[in-house]
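Subject: A structure for you to look through

Dear colleague,

I am passing on the structure below, and I would ask you to keep it open while you read the notes that follow it.

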Amino acid sequence: KYAVRLTASTDLGCKDSITKYINIIPPPLITVSPDTSVSQGYGVQLKASGGNLYIWEPSESLNKSGIPDPIASPLETTVFTVTGADTYGCTGTATVKVSVVKDFKLMVSNVLTPDGNGSNDTWYIENIETFDNAEVH
């Protein structure tokens, strides 16, 4: 609690004052999930709490930046900062580091039935697009 005092006076020397007490709300304590790692090209869920509204940055590798629990799919190690706001508009921040592991994790389809029925008609390598100069032999 803080006391705020207003004193007003006239040119003739008359004065009066009033004191009001105000509460200063501390910023919200924003907490996040611990630092983590993810295989290149895959996603990991981040989690924040302590606020009512959230903005994550950088937002480029997130599925949504304005939610408490986005999915991060960075192609390189990234430190994400979340700013959380409470009902009074006060803000707090926290960071989480997502380390990208270049373990060349790929999911290769092991079923191919090119019979035109729409199921397993093509061969697909999940996550190959995240690796530059990938070649299949």
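Leaving aside its neighbours within four places in sequence, L46 is in contact (heavy atoms within 4.5 Å) with S33, W56, L62, P68, D69, P70, A72, F80, V96 and V98. Please bear in mind that this is a predicted model, in which local features need pLDDT of at least 70 and side-chain atom pairs count only at pLDDT 80 or more, while totals for chains, interfaces and linings use all residues. Residues are numbered from 1 along each chain as its sequence is written, and side-chain values use heavy atoms, with hydrogens and water left out.

L46 also belongs to the largest nonpolar core, which has 15 residues, and L46, W56, F80 and V82 are those with the most contacts inside it. A nonpolar core here is a set of buried Ala, Val, Leu, Ile, Met, Phe, Trp, Tyr and Cys residues joined through side-chain atoms within 4.5 Å, and buried means under 20% relative accessible area, with exposed over 50% and partly exposed in between (1.4 Å probe, protein chains only). The elements that give two or more residues to this core are β7 (53-57), β9 (78-85) and β10 (91-101), and the largest share, 3 residues, comes from β10. Strands are DSSP runs of E with at least two residues, helices are runs of H or I with at least four, and both are numbered from the N terminus.

One of the contacts of L46 is S33, which is found in the loop between β3 (31-32) and β4. S33 is buried, because its relative accessible area is 18%, and, not counting residues up to four places away in sequence, S33 touches Q45, L46, K47 and V96. The C-alpha atoms of S33 and A48 are separated by 6.6 Å, although these residues are 15 apart along the chain. A48 itself lies in strand β6 (residues 48-49) and counts as buried at 12% relative accessibility. Beyond its neighbours within four places in sequence, A48 is in contact with T31, V32, Y54, W56, P68 and V82.

Which residues form the covered face of β7, and which the uncovered one? Y54 and W56 make up the covered face, whereas L53, I55 and E57 make up the uncovered one. β7 runs antiparallel to β9 and is joined to it by 5 bridges, and within this pairing W56 stands opposite V82 in β9. Two strands are said to pair if DSSP finds at least two bridges between them.

These strands are part of an open sheet of 4 strands in the order β4-β10-β9-β7, with mixed pairing. β4 and β7 stand at the edges, each with a single partner strand, so one side of each is left without a neighbour in the sheet. Not counting residues up to four places away in sequence, Q40 touches L75, V100, V101, K102, D103, N127, T130 and F131.

Elsewhere, 8 bridges join strand β1 (residues 2-9) to β2, which run antiparallel, and T7 has S17 as its bridge partner in β2. The hairpin of β1 and β2 has 5 residues between the strands, and G13 takes a positive phi near 90 degrees there. Strand β2 (residues 15-22) is hardly covered, since the count of buried residues among its 8 residues is 0.

As for the whole protein, it has 0 helices and 12 strands, and buried residues make up 23% of its 137 residues. Its radius of gyration, taken over C-alpha atoms, is 27 Å, whereas a compact globule of 137 residues would have one near 14 Å (the globule rule is 2.2 Å times the number of residues to the power 0.38). The C-alpha atoms fill a box of roughly 100 × 30 × 25 Å, taken along the principal axes.

With best wishes
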